[in-house]
Amino acid sequence: MENPKEIVAKSALRYITSGDVVGLGTGTTASEFIKALGASPLSKEVTCVPTSLETESLAKRVGLNLVSLNSVERIDITVDGADEVDNNKNLLKGGGGALTREKIVAHYSKRYVIVITEEKLVENLGSRMPIPIEVLPFSYVQIIRELNQMGLSCQLRKNFTTDNGNYIIDCKPNQKVLKGSLQDLNKAIKLLPGVVETGIFINFNPEILYHK
Ligand code: 5RP
């Protein structure tokens with residue numbers, strides 16, 4: 001029996017064509033896509049850019065050709081998962097801690113396909129999962145203090161270092177922040193020195209594929 005993540009991930013294969021440079025997301029749903037791509041006849045006809053060391057190792061195991069982002073002119077399409085998706089197709093990402101590389105790869109992708117199961121659809125980002133923020137270890141305590149003052153209740157992700165050698169702070173917004181402007185929130189967080197990236201993905205115009 002196929003699980004819902006496997007079904008939705010496999011459905012993204014129809015967007016891949018021979019010769020594509022494919023961005024590979026991170027997480028359990030993206031992993032199902034990577035396995036499906038590795039098992040498909042297209043596996044030797046595409047070149048892939050991984051968004052994490054975990055994805056890189058899985059993609060190697062299933063026989064995909066990998067290159068670094070710096071060695072390609074473009075990414076034709078990226079397939080990734082998400083932790084939450086709102087009605088305006090804004091995304092919350094970073095449950096797996098790969099948000100910075102995922103956001104960079106998404107930025108350079110012509111087409112951006114998000115594969116999720118239905119429970120990830122939400123009214124407001126941050127209602128189901130905390131907002132992950134990647135920060136430099138040097139100032140994480142100061143950053144947590146500032147984020148708390150902004151109406152976010154924050155915790156350092158325990159025993160976790162990102163592929164970039166940084167920490168993740170997981171932040172639960174209070175009701176006012178939850179209902180407020182995502183754009184303003186994202187901007188305010190990014191202005192704090194030592195913040196590398198947030199898990200708030202606005203204006204990426206993703207195509208959302210979901211399964212119940
Ligand atoms: C990793 C991510 C993932 O895409 C997100 O956490 C969804 O993961 P999963 O498919 O395992 O639920 O953003 O940084």
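Predicted model: local features only at pLDDT ≥ 70, side-chain atom pairs only at ≥ 80, totals over all residues.
How many residues surround the ligand, and which are the closest?

## Around the ligand

There are 18 residues surrounding the ligand, and the closest are T28, T29, D83, G94 and K120.

Residues are numbered from 1 along each chain as its sequence is written, and side-chain values use heavy atoms, leaving out hydrogens and water.

## Polar atoms facing the ligand

Let's look at some N and O atoms beside the ligand's oxygens. T29 has a side-chain N or O atom 2.5 Å from a ligand oxygen, and D83 places a polar side-chain atom 2.7 Å from one. With G95, a backbone N or O atom is 3.4 Å from an oxygen atom of the ligand. On its own the ligand exposes 380 Å², and the protein buries 91% of that (areas come from the Shrake-Rupley method with a 1.4 Å probe).

## Salt bridges along the helices

Eleven salt bridges turn up in the structure; each is a side-chain nitrogen of Lys or Arg within 4 Å of a carboxyl oxygen of Asp or Glu. Side chains of opposite charge can pair when their charged atoms come close. One of these bridges joins K10 and E6, with the closest N and O atoms 3.6 Å apart. Those two sit four residues apart in helix α1 (residues 4-11), so about one helical turn separates them. Helices here are DSSP runs (H or I, at least four residues), numbered from the N terminus.

Helix α2 (residues 28-39) holds another pair, E32 and K35, three residues apart, and their side chains meet at 3.5 Å, N to O. E32 is buried at 14% relative accessibility, whereas K35 is partly exposed at 39%. Buried means under 20% relative accessible area, exposed over 50%, and partly exposed in between (1.4 Å probe, protein chains only).

In helix α3 (residues 53-61), E56 and K60 are four residues apart, and their salt bridge spans 3.2 Å, N to O. K60 is exposed at 53%, while E56 is partly exposed at 27%.

Methods
Near = heavy atom within 4 Å. Polar contact = N/O pair within 3.5 Å; in protein donor to acceptor, adjacent residues only side chain to side chain.
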